[in-house]
Amino acid sequence: MELPILRNYGDGALDIANRLCDFDLPQMAHDYAERIHFAHLRGVTRDPQEQRSFFEASHLESDIDMIRVIRHLLENEQRLKREIFIRPDHGHLMMSDINGNSNPGYSAIGRMKGLAEIRGVVTTLLEPARS
């Protein structure tokens with residue numbers, strides 16, 4: 001399957017395509033490393049009644065193996081000797097954002113929760129093994 005240059009690796013949209021085309025999304029983060037310069041990570045869960053439909057999910061509680069995706073991105077950084085910028089995409093409405101003035105999917109607190117989850121995974125994966 002020939003893909004365009006993936007300057008922006010958006011895993012949520014790619015995950016839905018994955019369900020339709022049967023490819024391994026986390027493996028793509030590895031295989032197309034040279035083409036990925038920026039990743040915005042989005043947790044999505046498929047609708048069990050209609051596999052082509054999805055809804056937003058927490059970054060670490062979605063149908064995407066986010067830990068494996070992040071592991072490949074970090075390995076790519078080491079191998080290519082350059083940073084791949086990572087940010088969360090979309091977040092749940094929570095706390096003061098519920099009655100606030102935010103665009104759907106782009107609530108400040110919900111996205112900060114996603115960022116904290118991603119940073120936790122990054123920190124864990126980069127931490128040397130403890131005995």
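Me: A salt bridge is a Lys or Arg side-chain nitrogen within 4 Å of a carboxyl oxygen of Asp or Glu. How many salt bridges does that rule count here?

Reply: Side chains of opposite charge can pair when their charged atoms come close. Here the rule counts two salt bridges. This is a predicted model, in which local features need pLDDT of at least 70, side-chain atom pairs need 80 or more, and totals for chains, interfaces and linings use all residues. Numbering starts from 1 along each chain as its sequence is written, and side-chain values use heavy atoms, without hydrogens or water.

Me: Which side chain does Glu34 meet in a salt bridge?

Reply: Arg79, at 3.3 Å from N to O. (Helices are DSSP runs of H or I, at least four residues; strands are E, at least two; numbering is from the N terminus.)

Me: At what angle do α3 and α4 pack?

Reply: Two packed helices are described by the angle between their axes and the distance between the axes. Helix α3 (residues 66-80) and helix α4 (residues 108-126) pack at about 60°, axes 10 Å apart. (Axes are lines fitted to C-alpha atoms over the stretch in contact; angles run from 0 to 180 degrees between N-to-C directions.)

Me: Which residues of α3 meet α4?

Reply: Ile67, Ile70, Arg71 and Leu74. Their partners in α4 include Ile118 and Val121. (Contact means heavy atoms within 4.5 Å.)

Me: Which element has the highest mean pLDDT?

Reply: α3, at 92. Strand β1 (residues 8-10) has the lowest, 48. (pLDDT is the predictor's confidence in each residue, from 0 to 100.) The chain averages 76.
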